[in-house]
Amino acid sequence: MRHVLLQAASALALGIVPALGIAPAAADVALGKAAFDRACASCHSVEPGKHGTGPSLAGVLGAKSATAKGFSYSPAMIAADLTWTEATLDAYLATGARSGGGDQLLHGVDMSFRGLAAGDRAALLAYLRSLPSR
Ligand code: HEC
């Protein structure tokens, strides 16, 4: 009996997961916007050309590092020569730029930021992915 119930439960789960396929992504974007507003918006906008303490992050996914026009980057960020993929962004935001640890992606850049938890990073990437590219 228990076995039958388990089978029924997994059949149900298999049926439901594709049906909800779109919902988690939308939820992630909303969570990611909340994380952005909380952790990034004090220094970054997502409007092209609108810089604050940090450069505009409009279309940052897929862009080369230190290429937002009109922003004056630190020598360390200019030297980084990265492409902001989901992997490099995730690594950059995992440890922040001031932890000083050996696991830190970039050293000496001018972003005073202590890092973001994995769940918030995943949501944030979903949000950045939802923005138009540069
Ligand atoms: C206290 C201000 C501050 C906060 C908070 C902050 N940043 Fe930054 N960010 C900066 C500054 C300043 C730079 C430029 C660094 C440099 O030139 O060394 C930067 C650079 C960047 C870059 C590189 C952009 C490029 O054009 O190459 C990315 C990506 C980035 N930040 C993402 C984020 C995200 C995502 C968050 C939130 C999770 C965040 N930052 C929070 C100030 C901040």
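Predicted model: local features only at pLDDT ≥ 70, side-chain atom pairs only at ≥ 80, totals over all residues.
In helix α5, the buried residues are Arg121, Ala123, Leu124, Leu125, Ala126, Tyr127 and Leu128.

Confidence comes next. The mean pLDDT of the protein is 82, with 76% of its residues at 70 or more. Helix α5 has the highest confidence, at a mean of 93, whereas helix α1, residues 2-19, has the lowest, at a mean of 50. Over residues 11-20 the pLDDT falls below 50, and this stretch makes zero contacts in the model beyond near neighbours in sequence.

I turn now to the ligand. Which residues are closest to the ligand? They are Cys40, Cys43, Gly54, Ser74 and Val109, within a surrounding set of 27 residues. Helices α3 and α4 are the elements that each contribute two or more residues to this shell. In terms of class, the shell comprises 19 nonpolar, seven polar and one charged residues.

Finally, let us consider Lys50, which lies in the loop between α2, residues 22-39, and α3, residues 75-80. Apart from residues within four places in sequence, Lys50 is in contact with Ser45 and Ser56. Ala68 is 18 residues away from Lys50 in sequence, and their C-alpha atoms are 9.7 Å apart in space.

Technical notes. Residues numbered from 1 in each chain as written. Helix = DSSP H or I, 4+ residues; strand = E, 2+ residues; numbered from the N terminus. Contact = placed C-beta atoms within 7 Å. Near = placed C-beta within 6 Å. Nonpolar A, V, L, I, M, F, W, Y, C, P; charged D, E, K, R; others polar. Buried ≥ 20, exposed ≤ 12 C-beta atoms within 10 Å, placed from the backbone. pLDDT = per-residue confidence, 0-100.
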